Amino acid sequence: MIELHMRLRIRESKEPEIRQTLKSLGRMVRARAGCSRYSFYVRARESKATVVQVWDGRVSLNGYLRSHEHKVLLGAISTLCAGCTVQFRGRGIPVRR
């Protein structure tokens, strides 16, 4: 199992757009084979959001990372956010730097 955590700093006044994008993408991502969780939290007062995805393995995650849904998410982040950090967590995953 692999967890993907994304922490976003939302641009001023873009919170409604990022919330709508994350909500609509959620339906499509949850429907993908291997996705066992997709959730997001938006803290409007702090202009921050967190996206959490859980995948059953590398094959499923890699398929998602090449998908249209992920490209849309990256586009939304580059347009609506001032920054993003990404963290992968999982059992038996070697850390490459």
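Tutor: Start with a cut-off: a residue counts as buried when its relative accessible area is under 20%. Bear in mind that this is a predicted model.

By that cut-off, Trp55 is buried, and so is Tyr64. Tyr38 is buried too, because its relative accessibility is 4%. The rings of Trp55 and Tyr64 have centres 5.0 Å apart and planes at 25°, so this pair is stacked. In total, the structure contains 2 aromatic pairs. Tyr38 and Phe40 form an edge-to-face pair, with 6.5 Å from centre to centre and 65° between the planes.

Now the core around these rings. The largest nonpolar core has 22 residues. Tyr38 and Tyr64 are among those with the most contacts inside it, along with Met6, Leu8, Ile18 and Leu73. Several elements each supply at least two residues: strand 1 (2-10), helix 1 (15-31), strand 2 (35-43), strand 3 (48-55), helix 2 (58-65) and helix 3 (68-80). Strand 1 gives the most, with 5 residues.

Leaving out residues up to four places away in sequence, Leu8 touches Ile18, Ser47, Lys48, Ala49, Val51, Ile77, Cys81, Gly83 and Cys84. Are they in a disulfide or in none? A search of the whole structure finds 0 disulfides. Cys81 is in none, and its nearest cysteine sulfur, that of Cys84, is 7.0 Å away. The cut-off for a disulfide is sulfur atoms within 2.5 Å. Cys81 counts as buried because its relative accessibility is 4%. Cys84 is likewise in no disulfide; for Cys84 the nearest cysteine sulfur is that of Cys81, at 7.0 Å. Cys84 has 34% relative accessibility, so it counts as partly exposed.

Arg11 lies in the loop between strand 1 and helix 1. With 39% relative accessibility, Arg11 counts as partly exposed. For a distance across the chain, take Arg11 and Arg37. They are 26 residues apart along the chain, and their C-alpha atoms are separated by 26 Å.

Step back to the whole chain. There are 3 helices and 4 strands. Along the sequence they follow the pattern β-α-β-β-α-α-β. The radius of gyration is 13 Å, close to the 13 Å that the globule rule gives for 97 residues, so the chain is as compact as a globular protein of that length. Its C-alpha atoms fill a box of roughly 40 × 30 × 20 Å along the principal axes.

Buried residues make up 39% of the 97 residues. Of the contacts with a separation of 6 or more, 69% join residues 24 or more positions apart. The accessible surface of the chain comes to about 6,200 Å², and carbon and sulfur atoms account for 51% of that area.

Conventions: Residues numbered from 1 in each chain as written. Predicted model: local features only at pLDDT ≥ 70, side-chain atom pairs only at ≥ 80, totals over all residues. Heavy atoms only, no water. Phe/Tyr/Trp six-rings, centres within 6.5 Å; stacked < 30°, edge-to-face > 60°. Buried < 20%, exposed > 50% of the residue type's maximum accessible area, 1.4 Å probe, protein only. Core = buried A, V, L, I, M, F, W, Y, C linked by side-chain atoms within 4.5 Å. Contact = heavy atoms within 4.5 Å. Rg over C-alpha atoms; globule rule 2.2 N^0.38 Å. Areas by Shrake-Rupley, 256 points an atom, 1.4 Å probe, with all protein chains shown as cover.
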